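Here is a short briefing on one protein chain. The lead comes first, then points by topic.

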Amino acid sequence: MATTNPIQFIQQVRAEVAKVVWPTRREVLLTTVMVFIMAALTAVFFALVDLGIRSGLQLVLGMFS
């Protein structure tokens, strides 16, 4: 394995960082909003599933008490 001196390493890091395509402010805003929307929809879905399971379980347990 070849060793690289610190100056070459820094140059290589700068070259790689220059290749990165950074998102625009609008792209960041849109993806952030989408994440919040999907998180809210997921929370509602699991709340409804939880409510359904709880109601079903209470119904079944109510039959035997």
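At 42% relative accessibility, L51 counts as partly exposed. L51 sits in helix 2. The model is predicted. The secondary structure of the chain comes to 2 helices and 0 strands.

**Overall shape**

- The radius of gyration of the protein chain is 26 Å, whereas a compact globule of 65 residues would have one near 11 Å.
- Along the principal axes, the C-alpha atoms fill a box of roughly 75 × 35 × 10 Å.
- Buried residues make up 0% of the 65 residues in the chain.
- "Buried" here requires a relative accessible area under 20%, while partly exposed residues lie between that cut-off and 50%.
- The chain has an accessible surface of about 6,400 Å². Carbon and sulfur atoms account for 73% of that surface.

**Helix 1**

- Helix 1 covers residues 6-19, which is 14 residues.
- From first C-alpha to last, helix 1 reaches 20 Å. This is close to the 20 Å expected at 1.5 Å a residue.
- N5 caps the N-terminal end of helix 1. A side-chain oxygen of N5 lies 3.1 Å from the backbone nitrogen of I7.

**Helix 2 and the annotated span**

- Helix 2 runs over residues 25-63, and V28 is found in it.
- The unreviewed UniProt entry annotates residues 28-49 as a "transmembrane region".
- In the model, residues 28-49 are 100% helix and 0% strand. The end C-alpha atoms of this span lie 31 Å apart.
- V28 has a relative accessible area of 40%, so V28 is classed as partly exposed.
- T31 also has its place in helix 2. T31 counts as partly exposed because its relative accessibility is 49%.
- The T31 side chain reaches the backbone oxygen of E27 at 2.9 Å.
- An α-helix has 3.6 residues a turn, so residues three or four places apart point the same way.

**Aromatic pair**

- The structure holds 1 aromatic pair.
- F45 and F46 form this pair, in an edge-to-face arrangement. Their rings are 5.1 Å apart, centre to centre, with 70° between the planes.
- F45 is partly exposed, because its relative accessible area is 49%.

**Separations along the chain**

- V28 and T4 are 24 residues apart along the chain. Their C-alpha atoms are separated by 36 Å.
- L51 and W22 are 29 residues apart in sequence. In space they are 42 Å apart, C-alpha to C-alpha.
- T31 and M63 are 32 residues apart along the chain. The C-alpha separation of T31 and M63 is 48 Å.

Definitions and conventions:
Residues numbered from 1 in each chain as written. Predicted model: local features only at pLDDT ≥ 70, side-chain atom pairs only at ≥ 80, totals over all residues. Heavy atoms only, no water. UniProt positions renumbered as here; feature names shortened; annotations may be inferred. Helix = DSSP H or I, 4+ residues; strand = E, 2+ residues; numbered from the N terminus. Expected span 1.5 Å × (residues − 1). Polar contact = N/O pair within 3.5 Å; in protein donor to acceptor, adjacent residues only side chain to side chain. Phe/Tyr/Trp six-rings, centres within 6.5 Å; stacked < 30°, edge-to-face > 60°. Buried < 20%, exposed > 50% of the residue type's maximum accessible area, 1.4 Å probe, protein only. Rg over C-alpha atoms; globule rule 2.2 N^0.38 Å. Areas by Shrake-Rupley, 256 points an atom, 1.4 Å probe, with all protein chains shown as cover.
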